[in-house]
Amino acid sequence: MQHYAGRFMNTDFSVTVTDGAASGWKEQMQRWFAYVDQEWSRFREDNELNRLNQAPEGVEIGLPPPLYDVLKMAEGYRKLTEGRFSPFLKRAMEHQGYNRPFPFSHVADAPPFTFQLEEHPIRFYEGNLVEKHTSEQLDLGGIAKGYAVQSAAEWLKRHGAACGMVDGGGDMTLWSDGSKEWNIGIADPWNEAGTVEVLSMKNKAVATSSRLYRSWMQGGQKKHHLLDGRTGQVIESGIVQSTVMARDCVEAEVCAKMCFLLGSGEREVWFAERFPDVYYVLVMEDGTVVRNRSKESAS
């Protein structure tokens, strides 16, 4: 096995692959993660994402293929989730106090804020062209990380790595030709040294969302980074951590957030209808663990 590690997007990334991977693969990983870090961060002004956010409404804009691809994917998930998941939350995130990279613990109160997203906020055309129809701005956030992980894994598979793992801060894509099974522990959010469960898999992805790590105080209120795409408000939930095993890292990332957005009465039905192969493990405020089915049926 060969290994690579680096820090991008304020996150530790690591890659492990079999020895058959093409020469220069580490340099390719470095370039790819650095590109996503530079061009898709909402905290930078000199990048692709900010140029798109600053572009006028109703004007066709040409995008680099990766940005066009991840944006179209994000909009597809927004429609599928009836707006619960949304990439159009930059202004709302800033209003809630998340206007700088972590770590921070306290932010000032914000003035009144109105969040309103049009029914069709963006249109896609051939040739990587898009047209905005909203004043709300884009924050690719978690889906950018999931896309970066999944794209890196797909490149490595195409270039000779029969088995491997790409890990972006706990959001992972793992693959195997059958010779290796990966065992991934789900951390216990209430016990740093503990594990809730161990997932065994050969060709799956895993993503975890938590409202404990990226959280802060604003005007006496506890805030966190998980927002409802329909309202721009912080999600209120008895869940403190959701871990999802899915077919790819983008799907896992979106579904991990959806666990927070769905009530206990509808969550299992919603996933059974739309993502029947997804397996989730939820840690609640009182320490109990909730699963949508047995681990054996999911692996």
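**Strands, helices and buried residues**

Reader: Which residue in strand 6 is the bridge partner of Ile 61?
Author: This model is predicted. Strand 3 runs antiparallel to strand 6 (residues 129-132), and three bridges join them. The bridge partner of Ile 61 in strand 6 is Val 130.

Reader: In what order do the three strands of the open sheet come?
Author: The pairing in this open sheet is antiparallel, and the order of its three strands is 3-6-5. The edge strands, each pairing on one side only, are strand 3 (60-62) and strand 5 (122-125). From one strand to the next the twist averages 30°. The order asked for is 3-6-5.

Reader: Which residues of helix 7 are buried, and why do they line one face of the helix?
Author: Helix 7 covers residues 264-274, and its buried residues are Arg 267, Trp 270 and Phe 271. Seen down the axis of helix 7, these residues line one face because they fall within an arc of 95°. In an α-helix there are 3.6 residues a turn, so residues three or four places apart point the same way. The buried residues are thus named as Arg 267, Trp 270 and Phe 271, and their arc is 95°.

Reader: Which residues are exposed on the other side of helix 7, and what covers its buried residues?
Author: The exposed residues on the other side are Gly 265, Ala 272 and Glu 273.

Reader: How many residues of strand 14 are buried?
Author: Strand 14 pairs with strand 11 in the antiparallel sense over six bridges. Strand 14 also pairs with strand 15, again antiparallel and over six bridges; in that pair Ile 239 stands opposite Met 284. Strand 14 is mostly covered, and its buried residues number eight of eight.

Reader: Is Ala 205 buried or exposed?
Author: Ala 205 is found in strand 11 (residues 204-210), where it stands opposite Ala 246 in strand 14. Residues touching Ala 205 from beyond four places in sequence include Met 172, Val 244, Cys 249 and Ala 252. Its relative accessibility is 0%, under the 20% cut-off, so Ala 205 counts as buried.

Reader: What does helix 5 reach from its first C-alpha to its last?
Author: Helix 5 (residues 141-158) has 18 residues. At 1.5 Å a residue, the expected reach is 26 Å. Helix 5 is followed by Gly 160, whose phi is positive, near 100°. The reach of helix 5 is close to that expected, at 26 Å.

Reader: Is Lys 145 buried or exposed, and which residue has a side chain in polar contact with that of Lys 145?
Author: Lys 145 lies in helix 5. Its relative accessible area is 15%, under the 20% cut-off, so Lys 145 is buried. Leaving aside neighbours within four places in sequence, Lys 145 is in contact with Met 9, Thr 11, Phe 13, Gly 168, Gly 169, Asp 171 and Glu 253. The polar contact is 3.4 Å, and the side chain that joins Lys 145 in it belongs to Asp 171.

Note on methods
Residues are numbered from 1 along each chain as its sequence is written. This is a predicted model: local features need pLDDT of at least 70, side-chain atom pairs count only at pLDDT 80 or more; totals for chains, interfaces and linings use all residues. Side-chain values use heavy atoms; hydrogens and water are left out. Buried means under 20% relative accessible area, exposed over 50%, partly exposed in between (1.4 Å probe, protein chains only). Helices (H or I, at least four residues) and strands (E, at least two) are DSSP runs, numbered from the N terminus. The arc is that of the directions from the helix axis to the C-beta atoms. Two strands pair if DSSP finds at least two bridges between them. Axes are lines fitted to C-alpha atoms, for helices over the stretch in contact, and angles run from 0 to 180 degrees between N-to-C directions. Contact means heavy atoms within 4.5 Å. The expected span of a helix is 1.5 Å times one less than its number of residues. A polar contact is a pair of N or O atoms within 3.5 Å; within protein, one must be able to donate a hydrogen and the other to accept it, and residues adjacent in sequence count only if both atoms are side-chain atoms.
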